[in-house]
Amino acid sequence: MVAMTEELGLEMAILSLEPLLQYGEQNIRRAVPLALALLCISNPKVNVMDTLSRLSHDSDSEVAMPRMLLTVDENLKPLSVPVRVGQAVDVVGQAGRPKTITGFQTHSTPVLLAAGDRAELATEKYIPLSPILEGFVILKENPDYRDDQ
C-alpha cells in the first residue's frame, strides 16, 4: 500500500512481481494481475495490460484476450471483414467524418487490439450495431451499399 503513493516504490513493486510471473506456480501467477490492479488503482499513468505484457512470458494472445475483436453477422456466424487498427486520437473539433485513429494498418477480423488501439470498419458494406468495435460486434448489411465492380 505504501508503494501506491510514490513513483519509485510503485516501480520497485512492479519489478518484484516479475519473478513471480516467471517462476511462480499457476495460482501465484494468476494473482499478479490483481496485485498490479491494486498497485495502480489510482495511477492513470500505469497501464496494467502493458505492464502485464511486458512482464509476462505467456504468448501475447493470452495477455490480450480482453482486447479481441470478432465480427459476426446477425445470425451470430463469424464474418471476416477488413478493419483499420491504429492509435486512438481525440476527435474534438473535427468536422465531417472525423478520424478516430491514426497510423492505422488494415487487417481482417478476427484481430487482437493492443492497449491504446482502436478499430474502425474499412468497408461501408456493413454497419456495426455497436458504437465501439471491441469484443464481439454484430454487423448488419448496409442497405445503401452499392458494389461498384
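The model is predicted, so local features need pLDDT of at least 70 and side-chain atom pairs count only at pLDDT 80 or more, while totals for chains, interfaces and linings use all residues. Residues are numbered from 1 along each chain as its sequence is written, and side-chain values use heavy atoms, with hydrogens and water left out.

**Val 83**
- Val 83 sits in strand β2, residues 82-88 (strands are DSSP runs of E, at least two residues, numbered from the N terminus).
- With 0% relative accessibility, Val 83 is buried (under 20% relative accessible area, 1.4 Å probe, protein chains only).
- Beyond its neighbours within four places in sequence, Val 83 has contacts that include Leu 69, His 107, Val 111 and Leu 121 (contact means heavy atoms within 4.5 Å).

**Nonpolar cores**
- The largest nonpolar core has 13 residues, of which Leu 69, Val 81, Val 83 and Leu 139 touch the most other members (a core is a set of buried Ala, Val, Leu, Ile, Met, Phe, Trp, Tyr and Cys residues joined through side-chain atoms within 4.5 Å).
- Strands β2, β5 (117-121) and β7 (135-141) each supply at least two residues of this core.
- Another core, of nine residues, lies apart from it and includes Leu 17, Leu 21, Val 32 and Leu 39.

**Backbone features**
- Most residues other than glycine have a negative phi, and most peptide bonds are trans.
- The peptide bond from Thr 109 to Pro 110 is cis, with omega near 5 degrees, and Pro 110 lies in the loop between β3 (101-108) and β4 (111-112).
- Leu 76 has a positive phi, near 65 degrees, and lies in the loop between β1 (68-72) and β2.
- Leu 76 is exposed, with a relative accessible area of 57% (exposed means over 50%).

Technical notes:
Helices (H or I, at least four residues) and strands (E, at least two) are DSSP runs, numbered from the N terminus.
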